[in-house]
Amino acid sequence: MDNFRRRLAQGARLLFDGAMGTMLQVRGLSPGQNPELFCLERPDILRAVHAEYIRAGADVITTSTFGGTRFKLPPGIEAREFNRRMAGEARRVVEECGRRVFVAGSVGPTGKFLRPLGELSFTEMVEAFREQIRGLLEGGADLVLAETHFDIAEARAVAVAARREGNPPLGLSMTYEDGRTLTGSTVAVCAATLANLGADLIAMNCGQGPLEMRGAALELLRLSPVPVLIQPNAGLPRLEGGETVFPLGPEEFASPTADFAREDFHGGAQCLGGCCGTTPAHIAALGKIFRSLPPPGPRPAQAGITLTSRSGLTRIGFGQPLRIIGERINPTGKKQLSAELKDGVFTTALRFADEQAQGGAAALDVNVGAPMIDETLCLPALVEALQTRVALPLSVDSTNMLAVEKVLRVYPASPLVNSISGEEGRLEFLGPLCRDFGAPFILLPLRGKKLPVLAKERIAILEELLGRMDALGVPRFLAIVDALVLAASSSPEAGGECLKFIRYCTHTLRMPVLCGLSNISFGLPARELLNSSFLGLAAGAGMNACIANPSNPRIRETVDSVNLLFGHDPGAENFIRAYAGREADAVKIAPSPEAKRPLPPCSELAAAVIEGMSEGIEDLVQKALDAGEDPFAIVREKLIPALDVVGRRYERKEYFLPQLIRSAQAMQRAFGVLKPLLEKASGGTERPVVVMATVEGDIHDIGKNIVSLMLGNHGFEVVDLGKDVEAGRIVEEARARNASLIGLSALMTTTMVRMRDTVELVEENGMPQKVMVGGAVVTEEFARSIGAHYAPDAVAAVHLAESLLSDTGSLPAGDESVSVESETFNPPRRRGRH
């Protein structure tokens with residue numbers, strides 16, 4: 001295993017193999033047949049495919065274990081043993097080939113979402129990946145390669161699992177469309193999060209051909225501090241003669257893919273390979289160009305820490321603006337917040353989050369420490385609520401180490417841990433956790449009860465802590481130092497010594513620094529004046545961030561001025577936008593340019609749907625009913641238009657999958673209160689029925705489930721048959737239920753052809769039902785070719801369903817007067833290595 005790490009460290013160019021599914025189909029894998037089961041039954045064919053890639057020049061071959069977790073394997077196949085056997089087959093071929101070739105253990109997505117987007121806990125997902133990785137390593141894998149992942153939280157679970165299984169070399173590969181993953185993470189968010197997790201390789205694969213992938217690949221190469229692997233498809237798939245075809249031949253694929261390795265592409269990718277539709281011929285053609293190129297250039301250094309959420313990123317460090325971490329979500333001195341937190345209510349905390357986001361905070365500090373509050377329960381719950389409310393990264397502020405650990409298990413990306421001091425056992429417990437979960441942390445130069453006043457005392461403690469970090473294998477790039485600001489009222493030298501310490505950290509150690517600002521003015525009048533004055537001095541000494549109230553005018557003025565004067569506000573655009581037209585003695589300033597766009601005027605109920613606030617929405621519905629509002633009017637005038645707003649924001653890429661799911665779930669809970677009243681008032685009028693299914697041979701159902709949820713929210717009765725459903729059963733259920741529509745989903749190129757079976761059966765039986773199709777690999781051209789109707793994502797499926805029924809007068813009751821721009825959700829554009 002260390003040999004692979006050593007080869008990467010030496011700058012060696014490594015050629016990975018291409019698609020597995022494409023090769024298995026040529027050798028007998030039939031459409032819809034489970035590839036894992038096929039490989040168990042025909043290991044000779046599997047070994048032959050591995051051998052062909054080695055003869056084509058591959059330095060790394062990938063195990064046929066993409067669907068090798070307990071969640072995807074067919075019943076009766078034990079995950080650990082399956083992965084051990086598949087890795088063993090690859091190892092056997094490598095040992096017979098006569099040259100050094102590495103075995104990468106493939107780990108694909110589970111097909112499940114983590115809470116709160118799904119039902120699976122982080123611990124359950126990690127255990128499933130541990131089981132798979134253990135088998136891969138026992139079978140002889142040299143590295144773990146997590147590929148085709150579309151949720152950064154799931155990739156994080158793979159990384160944690162790998163750490164727990166001996167820390168093998170790790171490659172983490174994401175799939176992007178239009179520069180974002182399915183759950184809304186940009187290339188920058190993924191690159192930073194995966195680097196924080198300690199990935200040896202950061203990669204992208206699938207979804208697109210080399211030309212379509214170019215923009216995202218260049219962004220990854222510009223940002224990644226570790227070696228990069230890029231594996232495009234052989235173009236975008238199309239249907240020819242009833243078969244899925246990838247258009248790029250070996251030479252057409254090789255030339256644009258090899259460009260990613262050129263040094264003028266931000267240093268170039270150190271590793272290349274192929275994904276869907278590529279063959280040994282593609283890899284051989286790529287290798288000819290790839291091996292002729294000079295060694296890759298150096299990767300960019302990490303200059304500070306990077307905090308991430310699923311869809312947000314904040315860099316703190318050298319070359320970055322002075323940042324404010326919002327301090328207001330803290331019950332100290334806030335009676336209402338403290339009382340709500342005790343009751344598990346987060347209304348005020350969420351309001352503080354919104355206000356600080358509007359005030360220009362770069363991250364939010366979250367503290368729930370107060371009497372009668374169980375932090376191990378309250379802190380993770382609040383963090384879960386906040387992560388779907390704001391895009392800003394969060395800072396986890398607690399002295400309770402178990403509470404911090406629980407938060408790290410529910411947070412989807414890289415939070416800031418506040419903080420790790422020299423307190424006995426704290427670094428030893430939290431340091432490895434931050435390392436394994438990819439969480440930057442505040443390093444506090446404090447040991448025992450005595451506060452170190454002099455800079456030299458803080459330096460001594462800091463150096464000791466850094467030595468202990470090194471011994472634990474905790475990387476320094478995750479740490480930001482707390483300047484430890486003391487009160488000027490009790491220690492006249494506090495300000496000057498703090499500035500000396502800041503200069504030592506930033507100039508000598510090249511480590512970023514932040515501080516809790518308000519301590520400096522404790523016990524003195526005009527505290528805001530003193531705080532803002534010290535902030536300016538500290539920024540001049542090199543400080544990178546402060547924990548403060550971003551809505552405080554003096555703090556904002558100082559931060560905006562510092563960022564302008566230090567060259568972090570090109571053209572003074574932000575400064576002018578905030579202060580243009582301000583009178584000389586005015587204190588009030590314009591909202592931050594980073595302020596969150598306010599919601600349009602609407603009722604509390606509609607706002608709850610738009611914001612995805614399920615908690616308490618039943619009470620809002622009941623409140624509207626008690627006020628005499630008609631149930632149909634509530635649906636028609638509040639709920640449906642609110643979901644329409646969500647759909648438009650999703651289409652404009654202002655909202656992403658997490659917000660879409662949360663809003664749909666809120667709508668579902670609201671509708672649950674109204675449903676009995678609507679049915680009673682309508683006299684049992686039947687709703688149009690849609691039969692939904694994932695086609696035979698395909699075990700992916702995330703997209704189908706979300707489409708079903710959206711259709712149900714728009715007045716359709718949804719009959720969900722699940723996944724891997726035969727065409728005969730789909731048609732029979734549609735007939736028995738007198739369905740108006742059939743909806744089919746497929747994620748794999750090998751299974752989308754099964755959609756034709758259902759369409760043909762409907763036609764053969766003379767049935768009136770229209771068929772809608774969608775899924776990662778499905779296109780409008782394919783849908784037309786089989787006589788079906790195409791919905792590219794999940795608000796579009798609702799819109800399509802309404803359109804198909806509009807001529808028959810079968811629309812859900814009340815929908816005739818409501819215009820809903822819909823969108824249908826799709827999982828990533830293809831499933832790995834076909």
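1. In which strand is T694 found? T694 belongs to strand β21, which covers residues 689–694, where helices (H or I, at least four residues) and strands (E, at least two) are DSSP runs numbered from the N terminus. T694 has a relative accessible area of 0% and is therefore buried, the term standing for under 20% relative accessible area, with exposed meaning over 50% and partly exposed in between (1.4 Å probe, protein chains only).

2. A word on the basis of this note: the model is predicted, so that local features need pLDDT of at least 70 and side-chain atom pairs count only at pLDDT 80 or more, while totals for chains, interfaces and linings use all residues. Residues are numbered from 1 along each chain as its sequence is written, and side-chain values use heavy atoms, with hydrogens and water left out.

3. Setting aside neighbours within four places in sequence, T694 is in contact (heavy atoms within 4.5 Å) with H700, D701, K704, G722, K723, D724, V725 and S745.

4. Helix α13 (residues 347–358) and helix α14 (residues 375–387) have axes that come within 11 Å and cross at roughly 45°; axes here are lines fitted to C-alpha atoms, for helices over the stretch in contact, and angles run from 0 to 180 degrees between N-to-C directions. The two helices are therefore oblique to each other, given that angles under 35 degrees count as roughly parallel, over 145 as roughly antiparallel, 65 to 115 as roughly perpendicular and the rest as oblique.

5. Where these helices meet, A349, L350 and A353 in α13 face L382, A385 and L386 in α14 as contact partners. By class, this contact of α13 with α14 has six nonpolar residues, no polar and no charged ones, where Ala, Val, Leu, Ile, Met, Phe, Trp, Tyr, Cys and Pro count as nonpolar, Asp, Glu, Lys and Arg as charged, and the others, Gly among them, as polar.

6. C378 also lies in helix α14, and with a relative accessible area of 7% C378 is buried. Apart from neighbours within four places in sequence, C378 is in contact with L341, F346, V368 and I373.
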